[in-house]
Amino acid sequence: MRTRFAIKLHAVLEKYFPERRVFLKSDADTRFIRLRPGTQLAAYAGTFLIVAWAIVASAIVLMDSIGAGNFREQARRDQRMYEQRLNQLSTERDARAEEALAAQARFNSALEQISLMQSELLSSETRRNELETGIEVIQSTLRQTMRDRETARKTLAVLKDEGAASPATAPSAPAQMAFMTAALTEAAEERDQVRADAQSALDERDALETEIKLMRERNDQIFRQLEEAMAVSVEPLNKMFRQAGMAPDRILEQVRRGYDGQGGPLTPITFSTRGEQPDPDELRANKLLNQMDQLNLYRLAAQKAPFAKPVHASVRFSSPFGYRRDPKTGGRRMHNGADFAGPVGTDIFATADGVVTYAGWMSGFGRLVKIRHAFGIETYYGHTSRLYVKVGQRVSRGDHIADMGNSGRSTGTHLHYEVRVNGRPVNPMTYIKAARNVF
């Protein structure tokens, strides 16, 4: 039995949706379909829902398309800015390389000048010793001549007295006087010659002292240039290691233990051959040699630490080190490396000298290369498409070790690059940014 509400509802529907009939006529028969108000309402509501759904879906698709276009445009702008930055860094790197080559040339030239000045100093010292010995001989001869002259004067006075006392010897006195006069004249000539030789030696000594003074001034200028070149070369490397969290003293000591041979051009300089205390020039030269040795140790250490970039081509830095949203599950998890997105087959290079400890498939990483370096450092190169190294192989910085791919747990073509120190993951960009103004 129909309720009053149902009757009122049917009356309202009859008002807006009166009953309609759809006739279907055939050759022999005519039939019709009755469209009640409720059926018409359901048909209108279904049609309205379909149209509304179509409008909303079209709007969503249009908005997604606009958003995707904006995202692609932003990605292109980011890529252009990144490429400009890479070009700028490449220009700066070339400028630093030219400065390093110029400093090396100045250093080699200064080494040659130091060697030449060392030879000149040794020659000057030998000449000075010879002059001092000659002056001592001349002075000794002069003293002996003066003594002989005094003896001759005394002998002449005695002979004069004897001649006056004994007239018998008077005839021989003129001959003795002539002999003594000749002897005194010869002694006086020798004395004058000795004085002239001594004055000449003193003049030569003054000239040598002036030359040595000028040479010391040139040495000081060369030393200053070398000290400035060493400061310009060593300080950026020292800063690079400190920014990477690596204690320079400990790193250099560790490298020195592996390269402890000595000799050759870096042997400490000794200008004096008489066991005297080193002079200021010798101390400065040995300090420069120590700085050169330190610079060489820095160079060796820099080759053994992952300061280089694993990808040289233009790529996009797609994910940093640290916590991030998991692209697979949507949850937050720790990302132990840095991701560089690029085309399939992009070359991947070793970032430091080391030994390959793993080259193959590993769950999550896909095709993975692991390289063990010095100082307890290890680098990971994951999601590659092709490997060019094998376990146990020794590689150098810049060696082509793999190609970029999309293997393993990955949402697109990229390189997952990790740096681990004593097994603990660290931010690899710390090393790359620390070396940005050095390499």
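These are questions and answers about a predicted model of one protein chain.

Guide: Residues are numbered from 1 along each chain as its sequence is written. In this predicted model, local features need pLDDT of at least 70 and side-chain atom pairs count only at pLDDT 80 or more, while totals for chains, interfaces and linings use all residues; side-chain values use heavy atoms, with hydrogens and water left out.

Visitor: Why is L300 called buried?

Guide: Buried means under 20% relative accessible area, exposed over 50%, and partly exposed in between, with a 1.4 Å probe and protein chains only. L300 has 13%, so it counts as buried.

Visitor: Where does L300 lie?

Guide: L300 lies in helix α5, residues 280-304. Helices (H or I, at least four residues) and strands (E, at least two) are DSSP runs, numbered from the N terminus.

Visitor: What makes T384 buried?

Guide: Its relative accessibility is 0%, so T384 is on the buried side of the cut-off. T384 belongs to strand β10, residues 377-387.

Visitor: Which residues are in contact with T384, leaving aside its neighbours within four places in sequence?

Guide: Contact means heavy atoms within 4.5 Å. Among the residues that T384 touches in this sense are I348, L368, A402 and M404.

Visitor: How far does the backbone oxygen of R367 lie from a polar atom of the side chain of T384?

Guide: The separation is 2.8 Å.

Visitor: How many helices and strands does the chain have?

Guide: The chain has six helices and 14 strands. Of its 439 residues, 29% are buried.

Conventions:
Polar contact = N/O pair within 3.5 Å; in protein donor to acceptor, adjacent residues only side chain to side chain.
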